[in-house]
Each structure stands twice: as structure tokens, then as C-alpha cells.
Amino acid sequence: MAAAGAEERQVLAQRLKAAVHYTVGCLCQEVEEDKDVQFSKQTIAAISEITFRQCEIFAKDLEMFARHAKRTTVTTEDVKLLARRSNSLLKYITQKSEELASSNMEQKEKKRKKSSAAKGERTPGEQEAAVTENEDSNMA
């Protein structure tokens, strides 16, 4: 049973390595077109291997950051900690994290409004408008 699990992990790792190699090849091709340079197959393979190994290191570091914080889930704060040495990467990750958080809040708000409307409830903004409307009619 354990041998089957190890074999499956090895197959998945090989597929992941192949995907990294393909992506690196595509990126190198884009650079070749933009900068008018050539990459040998050996160079692409070396960049792929370095990239894969660095990603393994990143994954282990992220796991350790979460474990140190007594969590089982890696958070964006862990990723920011990992990226702290690269100001541009940290800035990019922070910006994307904020965009995602804002988008999630908007989606939650929309869901809450839909469920409130379905139940016949009023949202806080609608309640405030109704109170103002009642006060206006009482003054008349």
C-alpha cells in the first residue's frame, strides 16, 4: 500500500516537473522573441530544474511558517513572509492579496443581499432608508 502511494507521488512529481519545464520553455521563447536572444535546450532544462527545486524549498518554508504559527493552513501572510527579500514581489503579492480580499468581500455582500431579499428581509441600507422615509412622512 505504501509503495503505491510513493509511486503515485513520483508520477505526480514527474508531471509537475514536465509542466514546469514546458512553462519555462514558453517563457524562454517569449524572451527570445522580445530580446532577440537564443536559449539552448540545456539552458532551458537547467532553468527548469532550478525553478522546480526552488519551488520545493518555498513549499517547505511555507509549511514551516504555518506550523510555527500553530496552523495547518498556509496563509497570505506566510507567502508575504517568504517574499520579504524581494520588495517588488512583496508589493505585487500584497496588492493581489488586497484585490482578492476586496473581491471576496463584494461577493459575500452580494450573497447576503440576495439571501436577505429572498427571505423578505431588508439590508441595513434599506432599513435606514425606510426609517428616513417614515420620519419624513411623520413630519408631513
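Predicted model: local features only at pLDDT ≥ 70, side-chain atom pairs only at ≥ 80, totals over all residues.
Visitor: Why are glutamate 63 and arginine 67 said to be separated by about one helical turn?

Guide: Because they sit four residues apart in helix 2. Helices here are DSSP runs of H or I with at least four residues, strands are runs of E with at least two, and both are numbered from the N terminus. Local features need pLDDT of at least 70 and side-chain atom pairs count only at pLDDT 80 or more, while totals for chains, interfaces and linings use all residues, and side-chain values use heavy atoms, without hydrogens and water.

Visitor: What makes the meeting of glutamate 63 and arginine 67 a salt bridge?

Guide: The rule asks for a side-chain nitrogen of Lys or Arg within 4 Å of a carboxyl oxygen of Asp or Glu. Here N to O is 2.9 Å, so the pair qualifies. The count by this rule comes to six salt bridges.

Visitor: Which residue forms a salt bridge with lysine 80?

Guide: That's glutamate 77, with the closest N and O atoms 3.3 Å apart. Both lie in helix 3, three residues apart, about one turn of the helix.

Visitor: Why is lysine 80 called buried?

Guide: Buried means under 20% relative accessible area, exposed means over 50%, and partly exposed is in between (1.4 Å probe, protein chains only). Lysine 80 has 17%, so it's buried.

Visitor: And how do you know whether glutamate 63 and arginine 67 are buried or partly exposed?

Guide: Glutamate 63 has 41% and arginine 67 has 49%. Both values fall in between the cut-offs, so both residues count as partly exposed.

Visitor: What about the protein as a whole: how many of its elements are helices?

Guide: There are five helices and zero strands. Buried residues make up 13% of the 140 residues.

Visitor: Which residues line it?

Guide: Lining residues have an atom within 4 Å of a point, and they include Phe58, Leu62, Val79 and Ile93. Helix 2 (41-68), helix 3 (76-82) and helix 4 (87-119) each supply at least two.

Technical notes:
Residues numbered from 1 in each chain as written. 1 Å grid on protein atoms, 1.4 Å probe; cavity = no way out; pocket = protein on both sides within 12 Å on 5 of 7 lines; lining within 4 Å.
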